[in-house]
Amino acid sequence: MRKRDLIVRNLANVISLLGVLSVGVLFLDDGYQYLLPLIIFNNVMDDLDGIVAAKLNIKSEFGAALDNVCDAVAHTVFVLMVGMHYGGVCGVFALVVATAILIRVVSRLLPGAPVGAGSPTNELIRHMFFVLLLARLFSFPAENVLMAVFTLHTASLLLPYRMPGLIRSLTKSAFSVGLVNVALLVAWLFPYAAPIVALAFGSTYLYGFVVGGLQSFKTVSSSP
């Protein structure tokens, strides 16, 4: 019984670890070809661990910290792999945004760190995922768009204010979280759906970036 309780208490942590361990596939020969499905799998695991922790009432500070660390490792690897694939200036931009990922995650592990500010790291990974899909669909070079995405996220990852309207932030139930992951899967399996899904995520991100900044500016301006 004790063994079963131990397994249940750590189930969410195991899911978090599975999500990050899967990125090891990228280091195999020709592992880069599995990047897109690995991003989807990592996103599913990242969401699933939170759902399991909430449903089984096994949330803990350790679990939250482990989830942040797993995100930092997996998302940094994804970004750097893309940067190395395209090389040159794009690789430099990837290195910069990877540094922003690590700064964000480390700062969130500090006691009393603000929660909910800036954009989550998995938002960056989803946008990168969409750029790669759209570049394949419309046959355009992905480097310039990736560099723009990396630049925006280098800033938004470290913003001191909340970004309202982000799709993933609005999903509270397990069902709605599942729909987000289904949308990623549909965009990958049915390429002509990718522009619609990408537009939804991209437009809400830009909305949160601008509106959140304006709200923060008004708050600062009105304070004595």
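Start by selecting S119: in this predicted model, its relative accessibility is 0%, so S119 counts as buried. You'll find S119 in the loop between α5 (88–108) and α6 (121–138).

Now show the side chain of S156 as well. The side chains of S119 and S156 are joined by a polar contact of 2.7 Å.

Next stop, the nonpolar core. Which residues touch the most other members of the largest one? Select F78, V79, L124, M128, L146 and F150, out of 47 residues in that core. Colour the helices too: α3, α4 (61–86), α5, α6, α7 (143–156), α9 (174–189) and α10 (194–222) each put in at least two residues. The biggest giver is α6, with 10 residues.

Zoom in on L124. Not counting residues up to four places away in sequence, L124 touches V79, V97, I101, V149, F150, H153 and L157.

Then move over to I15, M45, V52 and I58. These belong to a second, separate core, which has six residues.

Finish with α3, residues 35–55. From first C-alpha to last, this helix of 21 residues reaches 30 Å, close to the 30 Å expected at 1.5 Å a residue. Step just past the end of α3 and click on N57, where phi is positive, at about 55 degrees.

Definitions and conventions:
Residues are numbered from 1 along each chain as its sequence is written. This is a predicted model: local features need pLDDT of at least 70, side-chain atom pairs count only at pLDDT 80 or more; totals for chains, interfaces and linings use all residues. Side-chain values use heavy atoms; hydrogens and water are left out. Helices (H or I, at least four residues) and strands (E, at least two) are DSSP runs, numbered from the N terminus. The expected span of a helix is 1.5 Å times one less than its number of residues. Buried means under 20% relative accessible area, exposed over 50%, partly exposed in between (1.4 Å probe, protein chains only). A polar contact is a pair of N or O atoms within 3.5 Å; within protein, one must be able to donate a hydrogen and the other to accept it, and residues adjacent in sequence count only if both atoms are side-chain atoms. A nonpolar core is a set of buried Ala, Val, Leu, Ile, Met, Phe, Trp, Tyr and Cys residues joined through side-chain atoms within 4.5 Å. Contact means heavy atoms within 4.5 Å.
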